[in-house]
Amino acid sequence: TLPFGDMLFATVMKVYTGFSLRRFISDMKIAKEMGLTENVPCYSSVSNFMNREEVKKIIEEMIKLSASPLKEIEKDFAVDSSGFSTSRFGRWFDYKWGKERKFRVWLKAHVCIGTKTNICSAVKITEGQENDSPQLAELVRKTAEVFNISEVSGDKAYNSRENLKVIEEVGAEPFIPFKKNVTGKRGGCSIWKKMYHYFIYKHDEFLEHYHKRSNVESYFNMVKTKFGDSLKSKKQTAQINELMCKILANNITIVIQEIAELGIKAEFRI
């Protein structure tokens with residue numbers, strides 16, 4: 001059995017290169033020659049490792065750790081989600097036409113990103129049909145463990161009294177637009193009334209803050225362009241771990257870029 005660290009390095013390297021399990025082994029041999037890893041695992045060992053449930057939590061913590069060098073830079077954050085296709089299919093019976101049909105299963109990545117560098121501070125992976133709004137609280141609270149948040153922006157799907165309260169609890173201002181059918185009645189939520197009046201009476205100023213969430217679209221374009229919008233793994237656990245590795249690999253590229261552009265030191269501390 002190879003050390004856990006070597007196996008984790010190989011897993012992230014596999015996703016970073018985009019090669020198949022067999023083809024990326026040559027890159028692992030180069031990594032060993034450079035002293036980045038002590039062992040070159042068999043491709044089947046990497047496949048088995050990606051199917052381990054406990055790997056998910058470790059990669060999730062590594063994503064948070066990889067974002068930490070930018071905690072003095074990022075103050076404003078945005079939340080959103082995007083789907084990634086898998087090789088799994090679900091089935092359902094179409095009673096209208098009297099036959100069985102199938103559909104491709106998607107996974108959805110819910111992220112919280114810094115609007116200046118597009119670093120991902122927190123991520124949650126769900127099935128494709130899961131709603132966005134209930135995921136905000138966990139994303140914002142995890143981000144607040146590392147960053148001092150000034151504001152959080154998101155689209156109308158995240159607008160609820162509960163979400164606004166969570167954002168206020170971490171010391172930030174919520175910039176989430178209101179739907180046409182809502183009123184300023186606070187219903188026991190003072191931040192709801194405050195932000196509703198801000199949205200109505202200082203609309204242009206509100207939108208200047210809100211449109212920072214457009215960076216999330218750029219973020220998902222970055223991830224899908226560099227590392228692909230589909231997942232190659234066959235089983236659900238491996239697919240979740242693969243998607244988390246895409247997020248982690250993209251964070252690493254962002255930190256490398258900011259080392260060059262902003263002159264930061266990549267000291268990974270929480």
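Which residues line the second largest pocket? The lining consists of K14, L21, S47, M50, N51, K232, S233, K234, K235 and A238. A pocket here is an open set of points on a 1 Å grid over the protein atoms alone, where a 1.4 Å probe fits, with protein on both sides within 12 Å along at least five of seven lines; lining residues have an atom within 4 Å of a point. The model is predicted: local features need pLDDT of at least 70, side-chain atom pairs count only at pLDDT 80 or more, and totals for chains, interfaces and linings use all residues. Residues are numbered from 1 along each chain as its sequence is written, and side-chain values use heavy atoms, with hydrogens and water left out.

The second largest pocket holds about 210 Å³ of space. This volume is the space filled by probe spheres set on the points, which are joined across faces, edges and corners. Three of the lining residues are nonpolar, three polar and four charged. Asp, Glu, Lys and Arg count as charged; Ala, Val, Leu, Ile, Met, Phe, Trp, Tyr, Cys and Pro count as nonpolar; the others, Gly among them, are polar.

K232 sits in the loop between helix 9 (214-227) and helix 10. Helices (H or I, at least four residues) and strands (E, at least two) are DSSP runs, numbered from the N terminus. K232 is partly exposed, at 47% relative accessible area. Buried means under 20%, exposed over 50%, and partly exposed in between (1.4 Å probe, protein chains only). K232 touches K14, G18, F19 and E242, leaving aside residues up to four places away in sequence. Contact means heavy atoms within 4.5 Å. A polar atom of the K232 side chain lies 2.5 Å from the backbone oxygen of G18. V15 is 217 residues from K232 along the chain, yet their C-alpha atoms are separated by 9.5 Å.

The largest nonpolar core has 37 residues. Such a core is a set of buried Ala, Val, Leu, Ile, Met, Phe, Trp, Tyr and Cys residues joined through side-chain atoms within 4.5 Å. I59, I63, V111, C120, V123, I125 and Y219 touch the most other members. Helix 10 (residues 236-261) gives the most to this core, with seven residues. Apart from it lies another core, of 36 residues, including V146, Y158, I176 and F206.

N118 lies in the loop between strand 2 (99-114) and strand 3 (120-127). N118 is not a glycine, yet has a positive phi of about 70°. N118 is buried, with a relative accessible area of 8%.

Key. Polar contact = N/O pair within 3.5 Å; in protein donor to acceptor, adjacent residues only side chain to side chain.
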